[in-house]
Protein chains: 2
Amino acid sequence: MKTDDAGPLRSGPLRPRERIIKTARELFRRHGMRGVGVDAIAEQAGTNKMTLYRHFGSKDDLIIACLRDVAAENEQIWTDLETANPGDPLAQVHAWLRVGAECAVGDDRGCDMANAAIELAEHDHPARHVIEEFKKAHRNRLAQLCRDAGIAKADLLADSLWLLLEGARVSNQSVGAAGPSAHFIAIGEAMIAAFAQETPAKPKARARAAVVA
Amino acid sequence: MKTDDAGPLRSGPLRPRERIIKTARELFRRHGMRGVGVDAIAEQAGTNKMTLYRHFGSKDDLIIACLRDVAAENEQIWTDLETANPGDPLAQVHAWLRVGAECAVGDDRGCDMANAAIELAEHDHPARHVIEEFKKAHRNRLAQLCRDAGIAKADLLADSLWLLLEGARVSNQSVGAAGPSAHFIAIGEAMIAAFAQETPAKPKARARAAVVA
DNA sequence: ACTGGCTGTTACCGGTCTGTAACATTGCGC
DNA sequence: GCGCAATGTTACAGACCGGTAACAGCCAGT
């Protein structure tokens, strides 16, 4: 009851390495990567700085490990999207929108990856590769989904939805979740409707793409 | 030729206060607010730390002054929008899109305000008021423009374009300007077309709103 | 020429940060 | 029970940071 309280995660079922990553992600998220020191991370993780430095050679290495952890966690979202709507790419696009809304509305600290890209301004920071690859992969997966769904301007729709999500998550940090990002789903559905048909002049849309209310 | 070279701005026509703000904005932009010290700012501005602290009581004060400077600079954009298309709100909306594209494509460090909101993670940071007011004002002005243009779902369009711009500017910092933000104008025009008409089912759009190619 | 305000210079304080060294301790596999 | 690897503890180095004090010079307005 003295050291193993609910706050910091002391020696639980997780090994120090996992606890450090988990704690670092939370503290980075709350205070920014440059706003928290390795000492605070180690202490909050129920360990000490030496152990931290034995697992991660430097703070940058820890940052990279955290970002990789974020990326691994996001893999689950895509598999969930597939298993929830097997063989139905269009439904998966709509489901993606709903998942994105949860990310955009239920959280006021945005995307860890995007935040890291802003905070680690140096162009040659080693973490930038991780960020770029992650973001590109996310966008490309979304584009593939749109193509599989038979959407006319699939890549343009993917870019639109992608920018919408990026914008919503960063917007939350300036004007809050009650701002424009509150209409995330409505806007996304409108985008899907707009890009699903061949051209705005020709209303000869495919039947399977006219699901939007 | 020894001290007044092209690099740092030494005693030019600007007073120390202006030079400090100008220099701080540039350095903040390049390295992040937490990534540059007041000493470096003062030196690069051709002055010293004491003068800096005589004008700005603290680094936070300097940050706020910089953000106010950004806000003041952006005022010009709106007046330019009005003078370039006097009495034509719809044209101003399209012009806004083009100006936004320049912001989004011609720059890889995003919006100073949004970046500050991310970097200054503390919810009670004094600069947050400036950021929030600025962003809300920008969005509201855009919404007023859309309403004046007679666009059906004016507020929804404003939110869409707003999120699109926010997304494009933050996206540049992870995947670069050649990524999704390259299609900023195309997406924006599609959104204008989509929200200009009353409902997607009723193609009875107003004539003045059907300017999009 | 004088004066008063603005600016420059130097030195310093206390704190915090990343990263390391040396040593003590725990705990698990055998 | 032993040994070895992982972990904890303490102390420290070196750098940087925000912020202040005391004093020296400059320059415009009168």
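**Reading a cavity**

Reply: The second largest cavity is lined by A:Arg25, A:Phe28, A:Arg29, A:Met33, A:Cys66, A:Leu67, A:Val70, A:Arg109, A:Asp112, A:Asn115, A:Ala116 and A:Glu119. This is a predicted model, in which local features need pLDDT of at least 70, side-chain atom pairs count only at pLDDT 80 or more, and totals for chains, interfaces and linings use all residues. Residues are numbered from 1 along each chain as its sequence is written, chains are lettered from A and ligands numbered from 1 in the order in which they are written, and side-chain values use heavy atoms, leaving out hydrogens and water.

Me: What is a cavity, and how much space lies in the second largest cavity?

Reply: On a 1 Å grid over the protein atoms alone, a cavity is a set of points where a 1.4 Å probe fits but cannot get out, and lining residues have an atom within 4 Å of a point. A volume is the space filled by probe spheres set on the points, with grid points joined across faces, edges and corners. Here, the second largest cavity holds about 100 Å³.

Me: Where does the second largest cavity lie?

Reply: Domain bounds come from an automatic or database domain assignment. In chain A, domain 1 (1-57) and domain 2 (68-209) both give residues to the lining, so the second largest cavity lies between them.

Me: What is the volume of the largest cavity, and how many residues line it?

Reply: Its volume is about 130 Å³. The largest cavity has 13 lining residues, with B:Arg25, B:Phe28, B:Arg29, B:Met33 and B:Asp112 nearest its centre.

Conventions
1 Å grid on protein atoms, 1.4 Å probe; cavity = no way out; pocket = protein on both sides within 12 Å on 5 of 7 lines; lining within 4 Å.
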